[in-house]
Number of protein chains: 2
Amino acid sequence: MEKIETYSFRVEPFHVDFTGHLFLGVLGNHLLNAAGHHSHNRGWGIDHLNQAHYTWVLSRLSIELTEMPAQYEHVEVETWVESVMKLFTERNFLIRNADDGRIYGYARSIWAMIDTATRQPSDLLALKGGDILNYVLTSEEKPCPIAKHGRVRLSPAAQQLATIDTHYSDVDINGHINSVKYIEHILDLFPRQTHEQHRIRRFEIAYKAEAFLGEPLTFISEPSAELLPDGEAASTQIEIRKNVGLADKPAGESIVTAHVFWA
Amino acid sequence: MEKIETYSFRVEPFHVDFTGHLFLGVLGNHLLNAAGHHSHNRGWGIDHLNQAHYTWVLSRLSIELTEMPAQYEHVEVETWVESVMKLFTERNFLIRNADDGRIYGYARSIWAMIDTATRQPSDLLALKGGDILNYVLTSEEKPCPIAKHGRVRLSPAAQQLATIDTHYSDVDINGHINSVKYIEHILDLFPRQTHEQHRIRRFEIAYKAEAFLGEPLTFISEPSAELLPDGEAASTQIEIRKNVGLADKPAGESIVTAHVFWA
């Protein structure tokens with residue numbers, strides 16, 4: 001079995017923003033689909049694993065782009081596994097134009113395998129006799145030339161921006177707020193002008209805990225001191241907390257952190 | 001050229017709700033994609049028309065389902081034109097399982113062609129020498145066995161449910177609130193319990209005017225007197241108004257009406 005899976009899609013009209021470029025959340029969705037097909041075709045899909053009481057959990061995703069695909073473009077996503085540790089595996093992505101081969105960018109992700117009964121991470125190397133190691137392509141064999149995931153460190157100066165309720169459309173089959181919806185909600189924090197005058201150069205997100213339908217989400221944000229030529233922050237760190245303001249635990253619980261870098 | 005276009009998709013994991021069934025908004029998106037491919041392949045696509053300063057505008061969409069496609073199912077959408085009048089055309093859809101052929105349901109839609117310079121509807125029969133008539137399949141030739149679009153009539157007893165701000169992710173390439181996002185926001189009005197205990201049997205939506213990024217949307221709702229066996233309303237009429245509460249025009253402007261029928 002090939003170690004690389006190629007997944008193709010067309011940028012559909014309802015999947016582009018007001019600049020005519022693919023929504024980052026939709027790109028994230030396509031990357032997760034590519035990952036799903038890669039795993040499925042190698043006997044490691046959620047459909048196989050659920051029967052064995054295991055499921056993949058996305059822990060981190062970092063996407064770095066020199067260009068965002070535009071409406072009607074045909075896009076190919078290559079995905080492969082860069083490394084496997086006991087409790088985590090690194091999966092990378094290459095995103096290119098299917099017609100002329102130009103590269104839009106790359107992405108990195110980190111996944112854990114959870115035992116659905118105990119909610120504890122499982123030993124990836126022990127499952128299926130270490131079969132997962134058959135699919136590894138090291139960084140020498142298949143480079144992914146973008147930085148690894150960074151850390152978000154909010155200072156006391158970080159500002160609480162918004163609190164939103166969560167609804168039916170926010171949750172996935174497990175009743176958890178959908179990974180892609182967090183990306184949408186984060187990008188919705190920025191005003192029209194930011195999206196008009198800048199594009200997302202790099203986006204990092206770390207999923208730390210689950211939120212459920214109806215739990216309110218609070219967005220805390222800290223723009224970088226570094227500025228772009230027009231005076232906007234070069235990047236913004238974001239933390240999402242749930243159930244902020246309850247009497248017994250006023251700070252709530254941190255569930256997602258993200259870092260948006262603008263060009 | 002065949003009068004029917006068939007468009008296929010797989011129900012992806014991030015496109016299903018907490019019951020494991022396709023989100024209605026995502027189904028709507030697939031129907032619009034099917035319509036886009038049908039028009040494009042017959043020289044009537046937005047990509048051709050924009051160059052000639054015309055664009056399609058969706059006026060009404062009604063979807064009626066005996067079953068909603070579930071995760072990983074392969075779905076085929078057939079779409080065809082049932083009739084063409086001077087200012088409107090009726091386009092229908094059949095939605096079926098690609099593997100066993102069982103029919104999930106049907107949809108009806110009404111479209112106008114707008115001159116992008118004047119924003120006025122154009123005479124469909126005059127464009128391209130009446131070429132659109134070559135693609136009509138009458139209801140005798142290809143039946144669409146669901147009712148035509150109904151009318152929403154709110155009484156003075158209708159209740160204002162919620163007002164939401166609109167953000168970056170809500171708008172399409174024209175800067176208008178995206179047709180599919182209205183469907184999401186409408187279904188987000190209903191509590192978890194309604195979605196848990198009932199499925200959408202029929203959904204009607206009429207797009208009457210545009211809203212733009214940043215314009216607040218107010219949702220007004222009126223449940224039917226007719227009840228389901230568990231006491232929930234059999235259907236709910238909804239109206240979306242924009243810019244409600246401004247001093248010079250407190251009632252705002254009606255932009256969308258919808259009617260959700262539960263089973």
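I count two residues as in contact if their C-beta atoms, placed from the backbone, lie within 7 Å. I am working on a predicted model, in which local features need pLDDT of at least 70 and side-chain atom pairs count only at pLDDT 80 or more, while totals for chains, interfaces and linings use all residues. Residues are numbered from 1 along each chain as its sequence is written, and chains are lettered from A and ligands numbered from 1 in the order in which they are written.

Entry, chains A and B. I looked up the contact and found that 34 residues from chain A and 34 residues from chain B take part. On the side of chain A that touches chain B, α1, α2 (46-51), α3 (179-187) and α4 (192-197) each supply at least two residues, the helices being DSSP runs of H or I of at least four residues and the strands runs of E of at least two, numbered from the N terminus. I noted that α1(A) gives the most to this side, with five residues. By class I read 15 nonpolar, 12 polar and seven charged residues there, where Ala, Val, Leu, Ile, Met, Phe, Trp, Tyr, Cys and Pro count as nonpolar, Asp, Glu, Lys and Arg as charged, and the others, Gly among them, as polar.

Entry, domains of chain A. I then took domain 1 (5-135) and domain 2 (159-262) of chain A, with bounds from an automatic or database domain assignment. Their centres, taken over C-alpha atoms, are separated by 21 Å, and 15 residues of domain 1 are in contact with 15 residues of domain 2. On the side of domain 1 that touches domain 2, α1 (24-40) and β2 (54-65) each supply at least two residues, and the largest share, eight residues, comes from β2(A).
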